[in-house]
Amino acid sequence: MPLRLGDIVPNFTQTSTTGEINFYEWAGESWVILFSHPKDFTPVCTTELGEVARLKPEFDKRNVKALALSVDDVESHFGWTKDIEETQGVTLNYPILADPDRRVSDLYDMIHPNANDTLTVRSVFIIDPNKKLRLTLTYPASTGRNFDELLRVIDSLQLTDNYSVATPANWKDGDDCVIVPLIKDPKEIKQKFPKGYKEVKPYLRMTPQPNK
């Protein structure tokens, strides 16, 4: 069965470029972005892995660990790592899982037979510290991922987990937020949103971002 939002993701133990990883233990109390690659030594993936390495300070600020996966073995990954570092001008600072037996790929439904029956598609999973799946995206092999967008989603998830707000279209950190419709009592609104709010419609009320 495919994983759905809110599901507890399955644990696994698999080798990687930094040694054997038990996923639950490795993740600990962090958020995780797990992203798969069709195979090693592919051009778009090479740029993606370099970009995630460059963004590590941004992931660290958000308590997020990055974990890549490719279906090739770990020795192939080591060779690919050298190419990534040479061409992207950055040191790889997170693990790449080796998945030649397709065990993790099958667990996380990363192989889509009508796209390719042996290689993973470009899947992305954002997983919270409770091991719940919070976002999944699937890109075609020809399209590189937008990691700025994934950081934006993580910002939204972490904000809305802690405050009674949702984020509107094209929201980015620092923009106004939507007060969730469940809150109707004016006293509760005033207490929760001391910065005030603007009622566009009774169901659409905008307020400054609470944690700014």
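Salt bridges come to a count of 11 here, where a salt bridge is a side-chain nitrogen of Lys or Arg within 4 Å of a carboxyl oxygen of Asp or Glu. Side chains of opposite charge can pair when their charged atoms come close. The model is predicted, so local features need pLDDT of at least 70 and side-chain atom pairs count only at pLDDT 80 or more, while totals for chains, interfaces and linings use all residues. Residues are numbered from 1 along each chain as its sequence is written, and side-chain values use heavy atoms, with hydrogens and water left out.

- Asp60 and Lys56 join their side chains in a salt bridge, at 3.0 Å from N to O.
- Both Asp60 and Lys56 belong to helix 3 (residues 56–61), where they sit 4 residues apart, about one turn of the helix; helices (H or I, at least four residues) and strands (E, at least two) are DSSP runs, numbered from the N terminus.
- Asp60 is partly exposed, with a relative accessible area of 44%, and Lys56 is partly exposed too, at 30%. On this scale, buried means under 20% relative accessible area, exposed over 50%, and partly exposed in between (1.4 Å probe, protein chains only).

- Arg134 has a salt bridge with Asp161, and their closest N and O atoms are 2.8 Å apart.
- This pair ties together distant parts of the chain, with Arg134 in strand 7 (residues 133–139) and Asp161 in helix 6 (residues 147–162), 27 residues apart.
- Arg134 counts as partly exposed at 22% relative accessibility, as does Asp161 at 41%.

**Another pair and a network**

- Asp175 and Lys172 form a salt bridge, with 3.7 Å between the closest N and O atoms.
- Asp175 is partly exposed at 26% relative accessibility, whereas Lys172 is exposed at 51%.
- Glu58, Lys61, Arg62 and Asp155 are linked in a network of salt bridges.

**Where two helices meet**

- Helix 2 (residues 43–54) and helix 4 (residues 74–88) have axes that come within 9 Å and cross at roughly 70°. Axes are lines fitted to C-alpha atoms, for helices over the stretch in contact, and angles run from 0 to 180 degrees between N-to-C directions.
- Helix 2 is therefore roughly perpendicular to helix 4, a term for angles of 65 to 115 degrees.
- From helix 2, Cys45, Thr46, Thr47, Leu49, Gly50 and Arg54 meet Trp80, Ile84, Thr87 and Gln88 of helix 4, contact meaning heavy atoms within 4.5 Å.
- The residues of this contact divide into 4 nonpolar, 5 polar and 1 charged. Ala, Val, Leu, Ile, Met, Phe, Trp, Tyr, Cys and Pro count as nonpolar, Asp, Glu, Lys and Arg as charged, and the others, Gly among them, as polar.

How values were computed:
Angles under 35 degrees count as roughly parallel, over 145 as roughly antiparallel, 65 to 115 as roughly perpendicular and the rest as oblique.
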